[in-house]
Amino acid sequence: MKIGIIGAGQIGGTLARRFTELGHQVFIANSRGPQSLADVIAKTGATAVTAHEAARAGDVVVVTIQQARIPELPKDLFAGVPDDVVVIDTGNYYPRERDGRIEGIEGGLLESRWVERQLGRPVIKAFNNIYAKSLGEKGSPAGTPGRVALPVAGDQAAGKATVLKLVEQLGFDAIDAGGLDESWHQQPGTPVYCKDYDANGVHKALSEASRQRTAQWTGTEKSPGTFAAPA
């Protein structure tokens with residue numbers, strides 16, 4: 001497959017390396033331009049491009065940038081991109097540590113529903129509940145006891161099937177976590193978040209999640225602070 005990645009941080013860089021190792025063609029972009037990606041390209045084997053080029057790379061586009069920076073993406077990012085191109089949202093909302101208050105989310109929109117509104121495209125929620133280190137190192141063959149599992153939520157059946165297949169290729173049990181309105185089960189603060197559970201553990205954690213956003217994951221008038229000192 002041809003896969004575009006917008007965002008060259010820990011998750012973006014890890015996915016670029018792993019997808020390239022699997023034989024996919026990967027095109028990666030960041031906010032500073034292709035000339036800033038020499039180290040990422042050397043480590044991953046991906047091709048450095050602009051964000052517009054990543055969005056037009058081919059079959060799948062992964063958006064993996066800080067939540068608060070989603071509105072900074074070009075408004076025409078997906079203009080003319082075919083409807084069957086799958087868009088994956090890996091993002092998480094950290095109001096007190098990094099993103100500040102995002103009023104749409106604070107008002108009740110699910111994180112990925114808010115992202116959809118900013119992008120003007122449906123998204124599939126995946127790769128948001130795992131550390132980059134685990135994503136890069138803990139994949140294993142199907143049938144391995146204790147194989148780590150990852151939830152995938154989305155409304156488009158064909159697009160979700162594509163993402164579930166990619167998850168399996170990366171070495172994880174892919175769990176269909178329902179439509180995008182169910183993606184709150186895997187947001188920060190839920191039992192499945194940043195836990196390397198197997199398939200049974202993921203199903204159990206998803207079932208035990210609460211949609212109520214706790215104070216830890218709610219912005220204040222002083223937000224954001226830092227990860228060391230949330231505000």
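Tyr193 is buried in this predicted model, with a relative accessible area of 9%. Its ring has a partner in Trp217: the two ring centres lie 6.4 Å apart and the planes meet at 75°, so the pair is edge-to-face. Tyr193 sits in the loop between strand 8 (173-176) and helix 9, while Trp217 belongs to the segment after helix 9, so this pair ties together parts that are 24 residues apart in sequence. Trp217 counts as buried as well, at 10% relative accessibility.

How many aromatic pairs does a search of the whole structure find? The search finds three. Another of them joins Tyr94 and Phe227, again edge-to-face, with 5.4 Å centre to centre and 65° between the planes. Here Tyr94 comes from the loop between strand 5 (86-89) and helix 4 (95-99), and Phe227 from the segment after helix 9 (199-207), so the pair ties together parts that are 133 residues apart in sequence. Is Phe227 buried or exposed? At 53% relative accessibility it counts as exposed, because the cut-off for that label is over 50%. Tyr94, on the other hand, is buried, with a relative accessible area of 14%. Taken together, ring pairs link Tyr94, Tyr193, Trp217 and Phe227 into a cluster.

Here are the two pairs described above, side by side.

| Ring pair | Centre to centre | Angle between planes |
|---|---|---|
| Tyr94 and Phe227 | 5.4 Å | 65° |
| Tyr193 and Trp217 | 6.4 Å | 75° |

Let us turn to helix 9 itself. Its buried residues are Ala199, Gly201, Val202, Ala205 and Leu206. As a general rule, an α-helix has 3.6 residues a turn, so residues three or four places apart point the same way. Which parts do the buried residues of helix 9 pack against? They pack against strand 7 (149-152) and strand 8. On the other side of the helix, Asn200, Lys204 and Ser207 are exposed.

One more residue deserves a look: Arg113, found in helix 6 (residues 111-119). Arg113 is a charged residue by name, so where does its side chain make a polar contact? The side chain of Arg113 makes a polar contact with the side chain of Asp155, at 2.8 Å. Leaving aside residues up to four places away in sequence, Arg113 touches Asp155, Leu180 and Asp181. Arg113 is buried, with a relative accessible area of 18%.

Technical notes. Residues numbered from 1 in each chain as written. Predicted model: local features only at pLDDT ≥ 70, side-chain atom pairs only at ≥ 80, totals over all residues. Heavy atoms only, no water. Helix = DSSP H or I, 4+ residues; strand = E, 2+ residues; numbered from the N terminus. Buried < 20%, exposed > 50% of the residue type's maximum accessible area, 1.4 Å probe, protein only. Polar contact = N/O pair within 3.5 Å; in protein donor to acceptor, adjacent residues only side chain to side chain. Contact = heavy atoms within 4.5 Å. Phe/Tyr/Trp six-rings, centres within 6.5 Å; stacked < 30°, edge-to-face > 60°.
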